[in-house]
Amino acid sequence: MTEQTYCDRLVQDTPFLMGHGRLSEQQVDRIILQLNRYYPQILNNKDAEKFRNPKVSLRMRLCDLLGHLQRSTERDCQEFYRALYIHAQPLHSRLPSRHALQNSACTELESGTASRELSDRGPVAFLACLGLAAGLALLIYCCPPDTKVLPGARRVLGFSPVIVDRHVSRFLLTLLTDDLGGL
C-alpha cells in the first residue's frame, strides 16, 4: 500500500474539519498565526489577514485556508498538521486520515509484514525468554559429556558461536567440548 501524503490527508480531512463546531475561531486564528509567523512562505501577511478577517464567517475563512493549503506543497500541508496538533490536539487525534492510517497499520501487522516498532509484549515476556535461555544453558552445562544425551541440542549450540560475540563464543566452545576439565 502506498503511503498517504499530507496533501492527500488534507483533502480527506477537509469535510471533517469544516464540520460545525469542530474548530473554534481562536484555534483557527492560532493556526493561521503560526503558519504566518514561523513559515511566512506558507502564508504571507496578505493571506494571513484575509484568512483572519473577522467580517467573513469562520466557515468561509476555514474553507479558503484549506483550499489554499491543498494547492500548496507537501511541506505546507505537513506544517498545517503540525499547527493543528499543537492548537487542537483532541481534534487532531479524531481526524479520519489518522484512523485510516491506524487501520492500515493494523492490517499490515495482521498480514505478517515486518514492523519497525518495538514489541509491546512487556517485561514479563522478556523475563520468560531470559529464564528459558538461562535454563537451557544450565541444562547444557550440567549435562554429562555423554554424546547420547541431547545430541541435537549440542549440534544446535555448536553453531551458535558463529552469531555470538567472540568472547562469548570461546566460552560456549569450551562448554561444548567433551573435556570440561579445562574450565
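Asp 29 is buried, with a relative accessible area of 16%, where buried means under 20% relative accessible area, exposed means over 50% and partly exposed lies in between, as judged with a 1.4 Å probe on protein chains only. The structure is a predicted model, in which local features need pLDDT of at least 70 and side-chain atom pairs count only at pLDDT 80 or more, while totals for chains, interfaces and linings use all residues. Residues are numbered from 1 along each chain as its sequence is written, and side-chain values use heavy atoms, with hydrogens and water left out.

Asp 29 is placed in helix H2, helices being DSSP runs of H or I with at least four residues and strands being runs of E with at least two, both numbered from the N terminus. When residues up to four places away in sequence are not counted, Asp 29 touches Arg 52 and Arg 61, a contact being defined by heavy atoms within 4.5 Å. With Arg 61, Asp 29 forms a salt bridge in which the closest N and O atoms are 3.6 Å apart; the term requires a side-chain nitrogen of Lys or Arg within 4 Å of a carboxyl oxygen of Asp or Glu. Because Arg 61 lies in helix H4 and Asp 29 in helix H2, this pair ties together parts that are 32 residues apart in sequence.

Arg 61 also meets the side chain of Glu 25 in a salt bridge, with a distance of 3.0 Å from N to O. This second pair again links distant parts of the chain, since Arg 61 belongs to helix H4 and Glu 25 to helix H2, 36 residues apart. Arg 61 is buried, at a relative accessible area of 2%, whereas Glu 25 counts as partly exposed at 36%. Through salt bridges that share partners, Glu 25, Asp 29, Arg 52 and Arg 61 are joined into one network.

By the stated rule, the count of salt bridges comes to four. One of them brings together the side chains of Arg 82 and Glu 79, at 2.9 Å from N to O. These two residues are three apart in helix H5, and they are therefore separated by about one helical turn. Arg 82 is partly exposed, at 38% relative accessibility, while Glu 79 is buried, at 6%.

The protein chain as a whole contains 10 helices and zero strands. Of its 183 residues, 29% count as buried. Among contacts between residues at least 6 apart in sequence, 59% join residues that are at least 24 apart.

The largest nonpolar core comprises 27 residues, of which Leu 10, Leu 17, Leu 23, Phe 80 and Leu 84 touch the most other members. Such a core is a set of buried Ala, Val, Leu, Ile, Met, Phe, Trp, Tyr and Cys residues joined through side-chain atoms within 4.5 Å. At least two residues of this core are supplied by each of helix H1 (6–17), helix H2 (25–38), helix H3 (45–51), helix H4 (58–70) and helix H5 (74–87). The greatest contribution comes from H5, which gives five residues. Phe 80 touches Leu 10, Leu 17, Ile 31, Leu 35, Leu 66 and Leu 69, with residues up to four places away in sequence not counted.

Phe 126, Leu 127 and Leu 130 make a nonpolar surface patch of about 330 Å². Patches consist of residues with over 30% relative accessible area and no salt bridge, in which like charges are joined within 9 Å and nonpolar side chains (Val, Leu, Ile, Met, Phe, Trp, Tyr) within 5 Å. Leu 127 is located in helix H8 (residues 123–142) and counts as exposed, at 54% relative accessibility.

A search of the whole structure for disulfides finds zero, a disulfide being a pair of cysteine sulfur atoms within 2.5 Å. Cys 63 is partly exposed, with a relative accessible area of 38%, whereas Cys 77 counts as buried, at 0% relative accessibility.

Conventions. Accessible areas come from the Shrake-Rupley method with a 1.4 Å probe; for residues, only the protein chains shown count as cover.
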